[in-house]
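Keep the structure open beside the text as you read.

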Amino acid sequence: MKKILFLLFTLLPLTASAKVNVVGTLPVFASLAEEVGGDRVEATSLARGDQDPHFLDAKPAFVVKLNQADLLIHGGLELEIGWLPPILVQARNPKINSNTPGNVDLSQGVAILEVPQTIVNRSMGDVHPRGNPHCWLDPNNVKVMAVNIAQHLSEIDPQGKDYYNERLKGFVAKLNQRIDEWRQSTASWKGKQVITYHKSLSYLTDWTGLEAVANVEPKPGIPPSSRYVDELIDKTAGWKVKGILMESFYPRKLPDYLSQKTNIPLVMIPTDVGEAGIKNYFDLIDALIKKIGQVLS
Amino acid sequence: MKRSALIFLGLLLLLPSKAPARSKPPASSPDTSNSPDREIEEISNRLKDTSQPSASSAAASPQETRSIGIFKYPVNPTGVQRLLPDISLIGTFAGAYFSREPVGDTGVDPKRTGINLQEIEVAFQSIIDPYFRADVMLSFGESGVELEEGYFTTLALVKGLQIRGGKMRLPFGRQNQKHTETWDFADNALASKYFLGPDGLKELGVEVSYLIPVPFFLQLQGTFSNGDNGTSFGGTRVKDFLYQGRVTTSFDPSANTSILIGGSAALGFNATGPGNQTKIYGGDFLFKWKPQSYRSVTWQSEYLFRQFDDPSGVQNDGGLYSYVDWQFIKRWHAGIRYDQVGLPSHLVAKEYRVTPALTFNPTEFTRIRAQYEYDKVAAVNGAHAAFLQFEFSMGPHGAHPF
C-alpha cells in the first residue's frame, strides 16, 4: 500500500503542467483557446469533431480532464446539458465551477438567434429555451467568443495578460480579413435555398444569406419518418433547393433517399474542428464555404 | 475593398428583415472596417455588461422569460430572476403478466398481473450557493410516498475532495446507484434485490469521496450511515452503524471504448442478534463501445457476495447479473440480461433468470419497453413474465449518468 501511495505521489508532478490547462467541450472551443492562448495554454476538448455535441456520454475520462483543468470553455445555452452538469460536479474542481473565472460561457455577449418568443414546450421538439446554441458558425460571434476567452485567461493567468491581448488582436485582425474574403466568396449565396438536417446551421444561413427552407428533422431532435420525408419530397417541387446539408453524425438513410428522389445533392458538411484536415476555425469556415459553394454554383 | 464594403452594407440592410427572433446586443454590430483595438474594446465593454447569463438577450427583449420545463416565468428586465430549483417528474408504469405471481416486497418492480405504477419520482435540484448543491427526490408508489434521496453535495472543497450528506443511494456497485429511469431493464437485478433490498441500499449518512489526481479515473468513496436497511442490516442496537466503501477506476482503451471497474464493501450489523455482523462485497465491470453518436454496446456485470451472521453461524450467499444493451439506431435498444443467485447458496435459494428486452425511446423524454422473463427457482417449475413499460419525464433535461 505504501509503495502504491509513493508511486502515486511521485507521478503527480508529471501530470502538473506549467501551462494553463484549458478544456473545451467542443474541439472548436479548444481551438479558439489555442488561437488566443498560444504557447501559454495546453488546450484539449471533450467531444470529437465527428460527434453530435448534444449526445455525449458523461464518461469518467471526462471527469478526469475536468478535474485537472484550469479553464473550462463551454457553449452555454444548454448545448451540453445532457452530459456536462453531472461531470462538472463529479470533477470536484472548484476552479471551474459556474460563475468562476475558470468557467467560460461562450454564449455571453453573442447575438443569439431563435430565442423562443412563445411558451416553450416539448411538442416543439428539443427546443433550446434560451436560443439556438450553434452560434460559432457566424464568424462575427467568434470575435466575441475570443474576447471572452482572452478575458478569462487574463484573469486566471495575469502574467500572460499582454501576451493574450496581443494574440487576441492578431486573431481578430486575421478574422476580419478572412471575413471580408468569405463575404466575397459567399456574395452569390444570398436567397439560394438549401435544406439542412438539424437547426445547427441557422447562424451560417443567417450570416451568408442562404435560405434554409426546411429541415430534414420535422422538429429539433426528432428523427424524420419516411412519410415526413415523402411530404418533403413533394414540397421541394415548389422550391429551388440547391443542396441538402447535413453533419456526418446524423443517420444518412433518409437524407440519401430524399436526395435520390429529388436529384438534390446531399452534402456532408463539418460543423466543428477536428474532422478531416480541419485544424482550426479558419479551416472550418473555408471547408464549409468550399463544400456548400460547390453545390450552389 | 469597395465592392466588399458595398456588399456588406447591402447585407446589413437586408439582415434585420429576415432575422425576426434575433436579439441584438446593446452595442452596434461590429463593423469589419473597425480596427481590432476599437472592436475588442467595444466587445469587452459589452461582456462587462453581461455579467449574468443571458443578460444580453434579456436587455434586448423585455418579454424575456426563463423556462423551467413546460413552465415559463417572466424575467424582470432589470435582471432579477426567480430562483426556483429545477423541478422534474418521472412517471413509470408497467402492464405485467406473471405465470407465477410475485410474493413479498418487490420494490419498484411490477408486483402483479395487470397495470402497475412502478414509481412517480419528483425531483428538486439546485445549486444552493457557491459552496453547495442539493438534490431531493420523492418517490410516489401505489401505497404511499417516501424520500428516495435527499442530500447536499459540496462544490468548493479542496480539488478532488467532495462530501455528500443526507439520505442517499450508497455507492455500492453500479445497479444500486441508479434510479429506475436509468435502468436498462424494466425491473431490478436479482442479486441487487436479494442482498441490498427491493428498494436498494439507501441510508441516512455521510459520504466522503476523493478523486485521486492520476492521469486516469480513480475514485475512492467512503460512507458512514445508520444502517437501517432491513434486508441485510438493520441492527437493533443504537450504535449498529453501517460502514461502506468503494473504489472505482475507469479508462478508455480507444477513442470509442470505455472500461469501468469497481469494488465495493459494506460492513454492518443485522437484526438476528446483538453484534451479528453482515459483510457484503461486490465487484462490477462495465464495457462500453460507442463508435457513433447514436450507436453503442454496453456490457455490464456485477457480482455480490454476502456473509451473514445469524444464531446458527456464518451464512455465505452470492449472486451475479450480466447484461448487454445494444443501441442499434438512435431511438432503439435491445438488451439481454442473465441473473443468477445462489453462488454460493445458503439463506437465498438458487435461482436464475433470463431477460430479453426491447426499448423504444420516441424522444429523450418518453420510453416504451417490452420485456420477457424466464425465471427458475431451485426445484420449482420455471415461471414466465412479460412487461410492457411506459415512462415519461417532464421538466428540465435530466442529464444521463454514465
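In what order do the 4 strands of the open sheet with E1 in chain A come? They run E2-E1-E3-E4 (chain A), with parallel pairing.

Before going on, some housekeeping: this is a predicted model, where local features need pLDDT of at least 70 and side-chain atom pairs count only at pLDDT 80 or more, while totals for chains, interfaces and linings use all residues. Residues are numbered from 1 along each chain as its sequence is written, and chains are lettered from A and ligands numbered from 1 in the order in which they are written.

From one strand to the next, the twist averages 20°. Strands and helices here are DSSP runs numbered from the N terminus (helices are H or I, at least four residues; strands are E, at least two), and two strands pair if DSSP finds at least two bridges between them. Strand E3 (residues 71-74) of chain A pairs with E4(A) over 3 bridges, and Leu72(A) has Asn103(A) in E4(A) as its bridge partner.

**The sheet with E5 in chain A**

Another open sheet of 4 strands has the order E6-E5-E7-E8 (chain A), and its pairing is parallel. Its edge strands, E6 (211-215) and E8 (266-268) of chain A, each pair on one side only. Here the twist averages 35° from one strand to the next. Strand E5 (residues 193-196) of chain A is joined to E6(A) by 4 bridges, and Gln193(A) stands opposite Glu211(A) in E6(A).

**Helices on the sheets**

Contact is judged by C-beta atoms, placed from the backbone, lying within 7 Å. Axes are lines fitted to C-alpha atoms, for helices over the stretch in contact, and angles run from 0 to 180 degrees between N-to-C directions.

| Helix | Strands touched | Angle |
|---|---|---|
| H9(A), residues 253-262 | E7 and E8 of chain A | about 170° with E7(A) |
| H10(A), residues 281-296 | E7 and E8 of chain A | about 150° with E7(A) |
| H5(A) | E1, E3 and E4 of chain A | about 165° with E3(A) |

**Two domains in chain A**

Chain A splits into domain 1 (17-110 + 137-180) and domain 2 (187-296), with bounds from an automatic or database domain assignment. Their C-alpha centres lie 27 Å apart. The contact between them takes 17 residues from domain 1 and 19 residues from domain 2 of chain A. On the domain 1 side, helix H2 (27-37) and helix H5 (139-156) of chain A each supply at least two residues, and H2(A) gives the most, with 5 residues.

**Chain B and its contact with chain A**

Now for chain B: its secondary structure comes to 4 helices and 18 strands. The contact between the chains takes 62 residues from chain B and 66 residues from chain A. On the chain B side, H2(B) gives the most, with 8 residues. That side divides into 30 nonpolar, 20 polar and 12 charged residues. For these classes, Ala, Val, Leu, Ile, Met, Phe, Trp, Tyr, Cys and Pro count as nonpolar, Asp, Glu, Lys and Arg as charged, and the others, Gly among them, as polar.

Methods: Contact = placed C-beta atoms within 7 Å.
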